[in-house]
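Here are my notes on this one, in the order I would look at things. Have the model open beside you and follow along.

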Amino acid sequence: MSTRADAIENVTRYFDDGRFLGELGQMVERQTESQKPESIDALYGYLNDLMIPMLGNMGFKTRIIENPKPGFGPFLFAERHEGADLPTILTYGHGDVIRAQHGEWRDGLDPFKLVVEGDKVYGRGTADNKAQHCINLAGLRAVIETRGSLGFNCKVILEMGEETGSPGLAELFTAHRDLFAADVLIASDGPRLNAKRPTMFMGSRGAINFALSVKYREGGHHSGNWGGLLKDPTIVLSHAIASIVDHRGQIKIPEWRPDSLTDEIKEALKDCAITPSDSGPQIAPDWGEEGLTFSEKVYGWNSFAVLAMKTENASKPVNAIAPETVAHCQLRYVVGTDPDDILPALRRHLDQHGFQDVDIMPADKGFFRATRLDPTHPWVLRVKESITKTTGEKPAVLPNLGGSLPNDTFAYILEMPTVWVPHSYPACSQHAPNEHILQSLSRQALQMMAGVFWDIGDNTK
């Protein structure tokens with residue numbers, strides 16, 4: 001009789017004999033940059049050439065679903081139904097990647113070629129998200145090959161537009177709730193708390209992007225003739241931004257300060273300390289909300305950032321008062337912040353502080369709303385127990401990810417509990433040159449997910 005240990009041994013061989021890197025290499029070679037309209041064929045090819053054969057060989061029925069929003073990448077839906085009396089698991093991944101950033105990777109690396117150097121495996125999409133859904137599908141396959149069945153029903157949704165804000169995903173779920181109905185979402189994206197510690201999170205911070213603009217006139221005017229007479233849009237906008245946050249980045253708009261960092265959340269985050277590492281950037285202890293731990297700042301609080309700021313002739317300054325200045329900004333926010341009041345609250349705040357000249361322009365790109373699931377939910381405890389059994393280590397259980405992903409579509413539209421088990425780590429260079437995963441982490445992740453899926457289907461308990 002096959003056992004849990006057999007399934008984990010199966011998936012371990014898959015890693016050790018090179019099949020994992022072989023499959024991942026084929027996935028990374030597909031140049032699936034969803035921000036480029038000319039990549040549409042590559043988006044379809046990723047699903048048709050790689051994912052459909054992989055899932056078909058696992059006994060899944062598959063079909064491509066066109067995006068409800070014209071011009072954006074397709075979706076792949078797959079289903080393996082084993083019994084009406086069995087639980088149904090939904091899993092998710094995205095095959096699109098952020099722009100390759102050719103020419104910015106270090107020598108010896110190519111964004112669309114898998115390169116292995118010691119424990120690191122480089123390539124665009126390795127961490128976000130190709131290796132992550134490859135690991136989960138391999139875990140499912142190991143259980144099928146070992147047991148002969150999953151022991152539960154499984155649905156898969158793969159999208160090709162997450163890096164452009166998941167266009168069409170909410171509309172797809174709204175129109176086909178029954179098709180995607182399941183007892184729980186178990187998926188993977190984002191980083192662990194640190195490379196060595198298995199991690200779970202049950203939601204994500206939301207994000208909203210917008211631009212702040214001050215424009216006073218057409219064209220610049222000589223700073224000697226007009227300095228002291230013309231309003232400087234850069235100075236005005238700088239003071240407006242300084243009214244939003246103080247000198248250490250603490251948010252000053254009352255409506256942007258969440259009410260959800262409860263004693264219970266603080267207690268949970270005590271077990272999820274963020275510690276500085278040599279592989280990541282240096283953390284500034286005097287930045288952000290005073291009195292909060294590093295973990296509370298990232299997972300329990302809101303953060304405001306100026307992503308870019310531009311004034312006329314910024315790259316080649318001349319002696320002229322600029323006519324216009326624009327700052328591209330972002331608020332990352334947790335549950336406990338009213339998403340529909342973020343920009344109205346900003347408008348009220350700027351007006352109250354005398355900055356009626358500052359225009360607010362919402363970003364065209366859609367972003368995700370904040371979500372969070374109770375860490376004591378039965379599905380959370382079930383996955384946590386399985387990971388502990390496989391690794392011998394209690395995973396970090398975060399109330400939500402510090403970043404953003406389309407968890408709101410699962411939590412609010414499909415109304416299901418969501419459990420995420422990330423297979424990357426904070427210093428993976430996600431969304432940057434030299435993106436990579438770790439072999440050691442990936443091997444453990446394969447074992448963990450085979451164990452999770454085995455335990456869900458173990459009907460002998």
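1. Start with helix 4 and helix 14, whose axes come within 8 Å and cross at roughly 50°. Axes here are lines fitted to C-alpha atoms, for helices over the stretch in contact, and angles run from 0 to 180 degrees between N-to-C directions. Helices (H or I, at least four residues) and strands (E, at least two) are DSSP runs, numbered from the N terminus. Helix 4 and helix 14 are therefore oblique to each other; angles under 35 degrees count as roughly parallel, over 145 as roughly antiparallel, 65 to 115 as roughly perpendicular and the rest as oblique.

2. Before going further, remember that this is a predicted model, where local features need pLDDT of at least 70, side-chain atom pairs count only at pLDDT 80 or more, and totals for chains, interfaces and linings use all residues. Residues are numbered from 1 along each chain as its sequence is written, and side-chain values use heavy atoms, with hydrogens and water left out.

3. Which residues of helix 4 and helix 14 meet? On helix 4, look for I135, N136, A138, G139, L140, V143, T146 and R147; on helix 14, for S442, A445, L446, M449, A450, F453 and W454 (contact means heavy atoms within 4.5 Å). They divide into 10 nonpolar, four polar and one charged. For these classes, Ala, Val, Leu, Ile, Met, Phe, Trp, Tyr, Cys and Pro count as nonpolar, Asp, Glu, Lys and Arg as charged, and the others, Gly among them, as polar.

4. Helix 14 (residues 439–456) also packs with helix 12 (residues 378–391), at an angle of about 130° and with the axes 9 Å apart. That makes helix 12 oblique to helix 14. Among the contact residues are W379, V383 and I387 of helix 12, and M448, G451 and V452 of helix 14. By class, this contact of helix 12 with helix 14 has six nonpolar, six polar and two charged residues.

5. Back to helix 4, this time with helix 3 (residues 40–56): their axes come within 11 Å and cross at roughly 25°. That makes helix 3 roughly parallel to helix 4. Y46, M51, M54 and L55 of helix 3 make the contact with K130, H133, L137 and R141 of helix 4. The tally is five nonpolar, one polar and two charged residues.

6. Two backbone spots deserve a look. Most residues other than glycine have a negative phi, and most peptide bonds are trans. D128 and N129, however, are joined by a cis peptide bond with omega of about 10°, and N129 is found in helix 4 (residues 126–147). S166 is not a glycine, yet has a positive phi of about 55°; S166 is found in the loop between strand 6 (153–159) and helix 5 (169–175).

7. Finally, zoom out. The chain is divided into domain 1 (4–204 + 370–457) and domain 2 (217–273 + 286–368), with bounds that come from an automatic or database domain assignment. Their C-alpha centres lie 33 Å apart. Between them the domains bury about 1,700 Å², 59% of it on carbon and sulfur atoms; buried area is the accessible area (1.4 Å probe) that two parts lose on being put together, summed over both.
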